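These are my notebook entries on a single protein chain. I record what I looked up, entry by entry.

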Amino acid sequence: MTQEALSDTVDELDRRVIAALQLNGRAPWSAVARWVGASETTAQRRYTAMRERGLLRVTGTLELDRTREGSSMLVRVQARPGRGLEAAARFAESSDVRFVAVVTGAADLIVDFVARDNEEMMRMLFTDLPAADLITSTEAVPVIRAFTTAGMWDTGLLPPAAVADLRPDPVSPFCDPGRDRAPQALTLLEHEIAAALREDGRIQVSAMARRLKHAQSSVARAMDRLISRGILQFRTLVEPSLLGFDAEFMVWLSIEPDRLDAAGRQFAKHPGTKFVSASTGRFNLVGHVVLPRRADLFPYTREVIGALPGLLASDVTLHLVTMKYSWHRMVRPT
């Protein structure tokens with residue numbers, strides 16, 4: 001399905017429903033309906049239809065730097081000529097891979113590996129690397145601290161009043177006084193809740209409790225603890241083009257070390273920024289961004305990237321297709 005065909009499958013009401021769920025993936029349908037201009041039944045029906053067609057999914061995600069669930073390693077991959085899509089498909093099949101995008105620029109693929117420790121990461125990158133026979137080189141970029149996350153992104157399609165009403169108070173990565181505390185291990189029940197919410201972020205607590213064979217009150221309290229501690233967030237996974245963003249790309253920056261915090265905070269404030277994190281290696285700041293048109297990249301490079309404090313060098317990898325997003329396979333345009 002082409003990007004144009006994807007856009008034709010949704011209308012303005014669908015987009016408003018998606019935007020509301022991006023603000024709060026577990027918002028009650030009464031609240032969603034209030035801001036999308038439709039009845040609760042209609043809003044829910046639109047969501048169900050899009051989910052059944054694979055166009056969107058609400059999922060619960062764990063913030064890795066707050067838990068002992070692992071760490072993220074972004075890998076820039078160069079594929080053998082003509083083998084990039086095949087390599088991407090293999091990476092997407094791996095249970096160790098959270099995200100895969102086929103891109104243009106200085107890399108062919110961007111792959112996000114998640115590992116619990118160094119030994120597991122070495123196995124993923126050097127012993128059991130998927131598609132090793134299809135690639136010519138890799139560059140690993142460890143993610144060390146988030147400035148903003150995709151779960152905090154606002155599409156801008158609903159008014160500020162809707163944001164204030166629908167979005168719970170977010171635990172901002174750079175405003176949280178506890179961000180430097182030691183990561184917390186999850187209990188068995190918290191693990192089970194996180195796994196259930198990864199598959200369906202809108203599953204009712206009563207249904208989750210029956211599935212997990214725990215008391216509903218225990219499940220509700222454990223889920224509330226995860227959310228209040230900033231460990232659990234909810235995201236609405238959708239192709240950006242469905243929301244009017246035809247340019248999706250990653251920005252790889254080299255920033256003077258003493259200006260890194262200021263640059264990360266400034267980068268995170270741009271409305272097109274979905275994710276920004278400090279990292280190590282040749283690039284020490286990495287961002288995931290969407291814009292309405294590819295032509296918008298020209299002023300963006302000057303007005304946003306060029307204005308960052310301490311900028312030494314930059315690289316942009318433009319997404320052609322996202323194969324896997326937050327552990328889930330995406331609808332792939334052809």
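**Entry 1: Charges over rings**

I then turned to Y47, where the charged end of R202 sits over the ring, 6.0 Å from its centre.

I note that this is a predicted model, in which local features need pLDDT of at least 70 and side-chain atom pairs count only at pLDDT 80 or more, while totals for chains, interfaces and linings use all residues. I number residues from 1 along each chain as its sequence is written, and side-chain values use heavy atoms, with hydrogens and water left out.

**Entry 2: Aromatic pairs**

I describe a pair of aromatic rings by the distance of the centres and the angle of the planes. I took rings of Phe, Tyr and Trp (its six-membered ring) as paired if their centres lie within 6.5 Å, with planes under 30 degrees apart counted as stacked, over 60 as edge-to-face and the rest as tilted. The count by this rule is 6 aromatic pairs.

I examined F99 and Y325: the ring centres are 5.4 Å apart and the planes stand at 70°, so the pair is edge-to-face. F99 belongs to strand β3 (residues 97-104) and Y325 to strand β10 (residues 311-325), so I recorded a link between distant parts of the chain, 226 residues apart, with helices (H or I, at least four residues) and strands (E, at least two) taken as DSSP runs numbered from the N terminus. I checked burial next, where buried means under 20% relative accessible area, exposed over 50% and partly exposed in between (1.4 Å probe, protein chains only). F99 counts as buried at 8% relative accessibility, and Y325 is buried with a relative accessible area of 6%.

I then examined F249 and Y300, whose ring centres lie 5.4 Å apart with planes at 75°, so this pair is edge-to-face. F249 is in strand β7 (residues 247-255) and Y300 in helix α12 (residues 297-305), and the pair links distant parts of the chain, 51 residues apart. F249 is buried at a relative accessible area of 0%, and Y300 is buried at 3%.

**Entry 3: Helices α8 and α10**

I describe two packed helices by the angle between their axes and the distance between the axes. I found that α8 (residues 188-199) and α10 (residues 216-228) pack at an angle of about 80°, with their axes 10 Å apart. The axes are lines fitted to C-alpha atoms, for helices over the stretch in contact, and angles run from 0 to 180 degrees between N-to-C directions. The two helices, α8 and α10, are therefore roughly perpendicular to each other, under a scheme in which angles under 35 degrees count as roughly parallel, over 145 as roughly antiparallel, 65 to 115 as roughly perpendicular and the rest as oblique.

On the α8 side I listed L189, E190, I193 and L197, and on the α10 side S218, V219, A222, M223, R225 and L226; contact means heavy atoms within 4.5 Å. By class, I recorded 7 nonpolar, 1 polar and 2 charged residues in this contact. Here Ala, Val, Leu, Ile, Met, Phe, Trp, Tyr, Cys and Pro count as nonpolar, Asp, Glu, Lys and Arg as charged, and the others, Gly among them, as polar.

**Entry 4: Positive phi**

Most residues other than glycine have a negative phi. I noted A131, a residue other than glycine, with a positive phi near 60°. A131 lies in the loop between α6 (118-127) and β5 (135-148) and is buried, at 4% relative accessible area. K213 is not a glycine either, and its phi is positive at about 60°. K213 lies in the loop between α9 (205-212) and α10 and counts as exposed, at 74% relative accessibility.

**Entry 5: L13 and A38**

Which residues does L13 contact, leaving aside its neighbours within four places in sequence? I found V36, A38, T42 and R46. L13 is in helix α2 (residues 12-23) and counts as buried at 13% relative accessibility. A38 lies in the loop between α3 (29-36) and α4 (40-52). Its contacts, with the neighbours within four places set aside, are L13 and A33.

Technical notes: Lys NZ or Arg CZ within 6 Å of the ring centre and 35° of its normal.
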